[in-house]
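User: I've got this model open and I'd like to know what stands behind the labels. Can you take me through them?

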Amino acid sequence: MRRFRFGVTARIVAVLVVLGVAVFPLYWMFVTALSSNSDLFADQPRLTPDLGQFGVFVDALAEGKAAGWLLNSLIIAVGTMVLSVGLGIPLGYALSRFSFWGKAVLTVVLLFTQMLPEALMVVPLFALFRRFELLDSLTGLVLVNSAFVLPIVALILKGAIDGIPKELEEAARADGARPFTTLTRINVPLIAPSIAATAVIAFFHAWNEYVFAVTFIFNPDLQPASVGIANFIGELGTPIQTVMAVAFLFTLPAVAFYLLVQKYVVSGMTAGAVKG
Amino acid sequence: MTVVEQTGAPKTTSPGRPRRRPSPLGSKWTPYLFLAPAALFILVFQAVPLVQEVYLSFTRTRLLNPTRSEWVGLDNFKRIFGDPEFHSTLLITVVYVITCVVVAIGAGLAVALLLNKKFRGRGVARALVTVPWAAPGIAVALIATWMLNAQYGIVNRFLDAVGLGVPGGAILDSSRYALPAVLATTIWQLFPFTSVVLLSALQSVPQDLNEAATVDGAGRWATFRAVTWQVIKPTVGLLALLMTIWSLRRFELIWLMTKGGPVGATETLVIDLYSQAFDSKELGSAAAIGMVGVVISLIVIIGSRLVARAVEKGDVR
């Protein structure tokens with residue numbers, strides 16, 4: 001009996017250690033945001049948040065540019081989400097339900113794009129953006145982010161449509177429905193959870209994106225939060241509490257939404273890769 | 001890469017009919033109508049730039065005057081492969097990638113096995129463990145840099161308290177500790193993904209087989225190898241491939257923590273490529289470095305396919 005109890009205790013300790021490691025850095029971000037200066041630079045740092053300092057979050061949004069950054073990120077992310085899911089649904093449908101010339105090539109291309117680093121593509125894209133006057137525009141970022149997240153969105157949605165029995169569509173077709181109607185009326189409602197997952201993936205792909213934003217945006221008023229926060233690193237002018245407060249406000253929605261749709265995201269991402 | 005053709009594809013194509021009564025499957029152009037917008041998008045923003053980048057790698061092109069590029073053949077490749085600093089970049093890339101793959105999968109498997117046991121609050125634990133993966137890379141770089149701050153960082157305070165402090169404390173400025181610190185941060189962000197994926201693979205391990213093996217007197221390790229490992233092996237292979245590709249292309253975390261420094265100690269291929277393009281302003285060499293990375297990725301992908309096929313045939317275990 002003793003050995004059994006020891007095993008259980010060890011397991012509880014191990015779980016707590018793992019959770020501590022997983023959560024601590026974000027907890028520490030929160031604690032740092034809510035620290036007074038004296039706590040921050042004391043010999044013994046304060047390990048718990050000082051909730052009396054909560055005004056830092058309000059100040060971070062009211063003063064400085066953080067609110068504008070987050071708004072820009074929101075615009076880019078919503079645009080990317082709408083565009084990439086809007087294009088990904090028909091692409092996924094074509095890949096799932098039709099056989100056509102070039103299908104194998106297209107699938108390989110979609111998988112191949114997964115290994116191209118943004119840092120490699122940024123130079124030719126810069127030239128392209130200059131020619132089409134997309135530099136310094138949020139639209140440009142929406143376009144490029146959509147192109148980069150589209151393959152994974154389409155592969156996940158293809159997998160989801162694969163899972164729907166074809167008979168449902170055939171019944172609709174027998175009633176004279178056109179392919180587009182079949183897609184929007186039959187398939188889309190049935191794959192709603194996968195669409196939600198890809199929407200979250202696309203949204204936060206754009207929300208988190210840094211390389212294109214830092215290279216293509218010069219106007220500080222158009223900077224998204226990823227660039228604004230990255231500029232804090234190594235910079236000394238802004239109080240660290242403000243920095244951490246902005247970063248926390250930037251992180252929280254990403255974590256919350258991923259937890260919500262995590263199951264679909266994980267199965268979708270691995271399915272997209274398995275088919276390679 | 002092999003493409004798994006889906007059985008969902010229609011087997012018969014019906015002849016075209018008058019427009020008033022659309023055929024059940026539409027015309028043979030229907031799939032192209034569905035995929036054209038997306039394909040055009042990928043063509044413009046991925047395929048064309050990639051081709052341009054391949055071209056650039058054979059030219060000498062300066063960032064300040066990019067329209068004037070001079071064809072130099074293989075010169076860029078000859079130069080980078082002759083450069084000892086590039087050898088060190090390649091070595092660091094290999095160390096970075098292999099460590100990410102091995103430790104992220106190892107840690108992920110350990111956590112998955114831990115969270116696969118029944119206990120109260122397991123659902124909450126499974127959710128909380130995914131937090132690092134969901135956090136934006138920018139925020140992770142920022143908090144890691146702050147935690148590793150030489151003077152006020154919690155990591156140094158902790159290391160000092162247990163007597164393992166780094167002299168001077170500037171971990172990210174130390175050519176010895178910067179790479180381990182960047183690796184630890186990367187793996188912190190990766191292990192939730194591997195553990196969640198492995199956790200779902202563990203659901204298909206037949207429990208009665210596990211019990212049978214235990215009843216037969218097999219030890220834990222033997223049971224794991226004979227039962228669990230056989231089931232999760234394909235998933236581990238897939239994860240290894242994903243981790244390799246992701247680690248080869250990871251940019252912002254390393255760039256924001258160290259910019260590849262100190263003195264190149266954390267300079268992977270992608271960091272090298274970016275600083276060649278935007279610090280040295282040599283677009284041609286940058287493109288050549290990028291191509292090296294792309295070729296390595298391709299070799300890994302094709303190699304993993306071949307291995308997977310050999311495993312399926314039973315040649316390799």
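User: Which residues of helix 9 of chain B meet helix 10 of chain B, and what makes them a contact?

Analyst: B:L209, B:N210, B:A213 and B:T214 in helix 9 meet B:T223, B:A226 and B:V227 in helix 10 of chain B. Two residues are in contact if their C-beta atoms, placed from the backbone, lie within 7 Å. By class, this contact has 4 nonpolar, 3 polar and no charged residues. Nonpolar means Ala, Val, Leu, Ile, Met, Phe, Trp, Tyr, Cys or Pro, charged means Asp, Glu, Lys or Arg, and the others, Gly among them, are polar.

Keep in mind that this is a predicted model, where local features need pLDDT of at least 70 and side-chain atom pairs pLDDT 80 or more, while totals for chains, interfaces and linings use all residues. Residues are numbered from 1 along each chain as its sequence is written, and chains are lettered from A and ligands numbered from 1 in written order.

User: Why is helix 9 of chain B called roughly antiparallel to helix 10 of chain B?

Analyst: The axes of helix 9 (residues 207-215) and helix 10 (residues 220-249) of chain B cross at roughly 150 degrees and come within 10 Å. Over 145 degrees counts as roughly antiparallel (under 35 is roughly parallel, 65 to 115 roughly perpendicular, the rest oblique). So helix 9 of chain B is roughly antiparallel to helix 10 of chain B. Angles run from 0 to 180 degrees between N-to-C directions, with axes fitted to C-alpha atoms over the stretch in contact.

User: What makes something a helix here, and how do helix 4 and helix 7 of chain A pack?

Analyst: A helix is a DSSP run of H or I with at least four residues, and a strand is a run of E with at least two. Helix 4 (residues 66-97) and helix 7 (residues 138-162) of chain A pack at about 40 degrees, with axes 6 Å apart. Their contact holds 18 nonpolar, 9 polar and 3 charged residues.

User: How many residues of chain B are in contact with chain A?

Analyst: 75 residues of chain B, with 83 residues of chain A. Helix 1 (residues 30-56) of chain B gives the most to its side, 16 residues. That side has 57 nonpolar, 13 polar and 5 charged residues.
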